[in-house]
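Here are my notes on the model you sent. I go from the whole chain down to a single residue.

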Amino acid sequence: MTKGTVQGIISNLVLVKADGPVAQNEICYLLHEDVRLMAEVIKIVGETTYVQVFDTTRGVKVGTVVEFSNSLLEVELGPGILSKNYDGLQNDLNKMEGIFLQKGVGSPPLEKDSKWLFKPLANVGDKVKAASWLGEVSENGLPHKIMVPFKFEGDFEILSLVKEGEYGLYDTIATLKDHKGLEHSITMTQKWPVKLSVTSYKNKPRPSKLMETGVRTVDCFSPMLVGGTGFVPGPFGSGKTVFQHALSKQADADVVIVAACGERANEVVEIFWEFPTLEDYRTGRKLMERTVIIANTSNMPVAAREASVYTAMTLGEYYRAMGLKVLLLADSTSRWAQALREMSNRLEDLPGPDAFPMDLSAIIANFYARAGIVELNNGKMGSITFIGTVSPAGGNLKEPVTESTKKATRCFYALAQKRADGKRYPAIDPIMSYSKYLEYPEFKEYMIGAGKPDWIDNAYKMKNYVQRGSEAADQINILGDDGVPVEYHLHYWRGELIDFVILQQDAFDKIDKMCPLDRQKYMVDLVLWICAKEMNFTHFEEVSDLFKKVINAMKQMNYSEYESPDFEKYAEEVSRLMTEKVESVENVA
Amino acid sequence: METSQAFQKKITEIEDINKATCTLRATNVGYDELAMVGNKLAQVVKIIGDKVTLQVFSGTEGIKTNTEVVFLGKSPTIKVGEDMAGRFFNALGEPIDGGPELQGETREIGGPSVNPVRRIQPHRLIPTGIAGIDLNNTLVAGQKIPFFADADQPYNQVMAMVALRAKVDKIILGGMGLTNDDFLYYKSVFQNEGALDRIISFVNTTQNPPVERLLIPDMALCAAEYFAVDKNESVLVLLTDMTLFADALSIVSNRMDQIPSKDSMPGSLYSDLARIYEKAVQFPDGGSITIVAVTTLSEGDITHAIPDNTGYITEGQLFLRKDTEIGKVVVDPFRSLSRLKQLVIGKQTREDHPQVMNSAIRLYADAANARTKMENGFDLSDYDERTLAFAKEYSNELLAIDVNIEIESMLNTGWRLFAKHFKQEEIGVKQELIDKYWKG
Ligand SMILES: Nc1ncnc2c1ncn2[C@@H]1O[C@H](COP(=O)(O)OP(=O)(O)O)[C@@H](O)[C@H]1O
Ligand SMILES: [Mg+2]
């Protein structure tokens, strides 16, 4: 084992002189007083190894002994991950004692004494390789595959495989023989280094299926696809976290991984408290059962913040390899970038724009590239849909993290301060935001197959109305209400109608917060029907009078249970308002 | 500062001295350890081999290359106990009120963070009587929230008012770069209200060295943790002015040749501020720490790195602005936010609270548009006129900081103004609430 001694300390950057070989990103431990402080090698220059400590370095002295582990930063994978609350290094927060996080104290990520009902999915004699499914256990009702460890290179043959029955987490469930004839025993667990991507799959096709989120402005305007990538930049208070929480509760996914990366502890507490009581409306199970939380809040060690997003991604890759639909959310990726910046400043690396590391763009691109839908070696599909938030300094989108992320993602959900100020939530700007997936022919085909052939056309139509509405608003502002043709007011109010009825959605209203696809379709059809109606107005106030009434009735629809008597009542009111108007037009004609 | 002889290591050769730090050769020194450079307190901020860099809190003026340096073998501490109540301390935790030394247990300041799974969701509303806060930006115990205010706003007065009206067990004042006048103001307000026995103050005034300020939040929060954790008390911590705290951070980091990021602030500003604000917490056993801070702005610019990073950390902000139309300071409903309000409004307050709040703000936004129209010389529609009339009354009767009423009357005022100026379909509120509360 390589050992070393501490030569220098600058905050959580520690300089170490090692007595043997060291690897980049190798994990080592500082033997400080009676605890072991975990650290990661981030740079090696001649005699000096630079390590970042995942803990406070208070009290550490020159001469402190360092032990190198000969392994990279790894997570442990196996049944029992779901519904856990981990820190950025996969310590189980619930198992840690005391109110405060003590330095150097960790806790195992899995339950070592847990027993699982194992069902074999393969046979003795089968040829297998990394990520091949050997069997299955039920984890919170989800089929959790026990796989050949991802680290296994080459081809193997199954020499033995246990029969269906209950086994402990660390019991041997299979033995494999490699091409040299060496035998390897397999348990239900394996380890994987978080900074490397798991690539045990056949190929990575383009996404094509809609990921239903129940958030109208996403599904109807800028849809996210299963295995897609997106990001949410916005100034503070514009609604990034509320939006991500909505996705984590409502999105159509088998597994949801929430990485709270350098943000507020109370926001994680909200999940701890709510998810065990809320239900997944598709399966009726408690949301917590499908959720994993990686909490590295802003007051937790900065280096572990960087690790936390990788930990989350690796857990996602693990469940994807089981053929599951994973939704990965990270709030906020800017904090991760800032952690990189803090370290690169301490290393006195040549700074790039805004003092971020020069290779920031590449780091971000590589990370997003780990998401996606994959065809597994057995032909089944698995996916990671990844949506990160970005917190641009001063709300200015021309900054390195936003720009780099924009290049790496396909969906852009820009939160606008102006909308947030006007309480037009979610504050996603309908004109700036986009989903490149709208242009994917395979997505169009999918929507046709799903019985909603107009979905994409309707998205473009609505975008067009909103765009014209905003142009009309500009004209009205410049020329005055009377200074423009009445027609302009009609454009303006059509935009407002779509804004109030489709785009705005109250994340805290028990009904409005979640809008299933069929209900969305109903509302979109109704809105577009109104927008397409020929109507004549003689004075601009007539336009606003009518539209305010229609908007009010349709908002009431959004607040009512779908197809309930209330809902129908307001729907009738809308059609009455419209018929009256159209008839009065016809009468004049 | 008490020191134990056993730890003392004396050095009398300082190699480099600059404005905030000095460097010397020493061994067996711990990171973050305290030292006395002559009679000045200092802390280890960098160790490379036997070269140790010390940050001198009161500035390095007068330090000689042969000044005696003594390492204290510990990081900054304070003695916590019930005897802190009613007392005034400086940034080093020493009494400045002429009273006796503290007798309690010695604790390191800047201690570890709370395990997030040991927190519970904040749930107790803190009423202030100010509608700009209670109605639109409700405070909750365990929250962290700053006032964003230009230097000429009466933020210290508003904060003192909030502190005195809040029903908490202890109030801990952390004053950083407080003017002597403001310090005396706080002292006399607390005294006049007979609240002194609930209050503990850590004060660095403009007369004290700026770098010492860096210790104030940790001192105040260490005391707060004692009362919240050991005594299960609800504690309100007032930090004023965090902009001056951040300025002190930048002084130190610039002296250490760190590459500055935006607005010459250190790249670690976010983490440095978060470490402080995240001490706000609600514990399961009833104890809580609520932080109300002040971040002064320069000409209302919230894109500056200090307010910007603060906004990303805190659970909202209270933006003070002078409303020239009514001639009063108001809590601006657009830029202000309480992120925890939804945990209490409509639950501990009347069911119509969320909708009344949102509609009033939306109508107020319409008024702002109408005002722009008017300023551009256009005719106003009847609706525009009505929003303007509404906005003026709303500002005067609800947003102004001199309002002091119960939340229920704030809601009733809201409905009264709605009915006076608007039609039912113009306020965009759920029909069932309109049926119940409309004051037609
Ligand atoms: N969809 C929404 N519906 C209602 N309120 C919202 C919505 N989105 C955001 N908000 C309001 O905005 C506040 C800030 O949102 P948050 O997501 O915490 O902002 P960010 O993460 O961008 O700083 C929330 O506390 C809430 O009051
Ligand atoms: Mg957020």
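What share of the 440 residues of chain B count as buried?

1. Burial. The answer is 62%. Keep in mind that this is a predicted model.

2. Overall dimensions. The C-alpha trace of chain B spans about 80 × 50 × 40 Å along its principal axes. Its radius of gyration is 25 Å. A compact globule of 440 residues would come out near 22 Å, so the value for chain B agrees.

3. Contacts along the sequence. Take the contacts in chain B between residues at least 6 apart in sequence. Of these, 72% join residues at least 24 apart.

4. Surface and charge. Chain B has an accessible surface of about 15,700 Å². Carbon and sulfur atoms account for 46% of that surface. The chain carries 60 negative and 46 positive side chains. The centres of these two sets lie 2 Å apart.

5. A closer look at Q317(B). This residue sits in strand 19 of chain B, which covers residues 316-323. Is Q317(B) buried or exposed? Its relative accessible area is 4%, under the 20% cut-off, so Q317(B) counts as buried.

6. Partners of Q317(B). A polar atom of the Q317(B) side chain lies 2.8 Å from the backbone oxygen of R335(B). Beyond its neighbours within four places in sequence, Q317(B) also touches S336(B) and L337(B). Other contacts include I145(B), P146(B), F148(B) and G311(B). Chain A contributes F236(A) to the contacts of Q317(B).

Terms used. Residues numbered from 1 in each chain as written. Chains lettered and ligands numbered in written order. Predicted model: local features only at pLDDT ≥ 70, side-chain atom pairs only at ≥ 80, totals over all residues. Heavy atoms only, no water. Rg over C-alpha atoms; globule rule 2.2 N^0.38 Å. Buried < 20%, exposed > 50% of the residue type's maximum accessible area, 1.4 Å probe, protein only. Contact = heavy atoms within 4.5 Å. Areas by Shrake-Rupley, 256 points an atom, 1.4 Å probe, with all protein chains shown as cover. Lys, Arg positive; Asp, Glu negative; His and termini not counted. Charge placed at Lys NZ, Arg CZ, Asp CG, Glu CD. Helix = DSSP H or I, 4+ residues; strand = E, 2+ residues; numbered from the N terminus. Polar contact = N/O pair within 3.5 Å; in protein donor to acceptor, adjacent residues only side chain to side chain.
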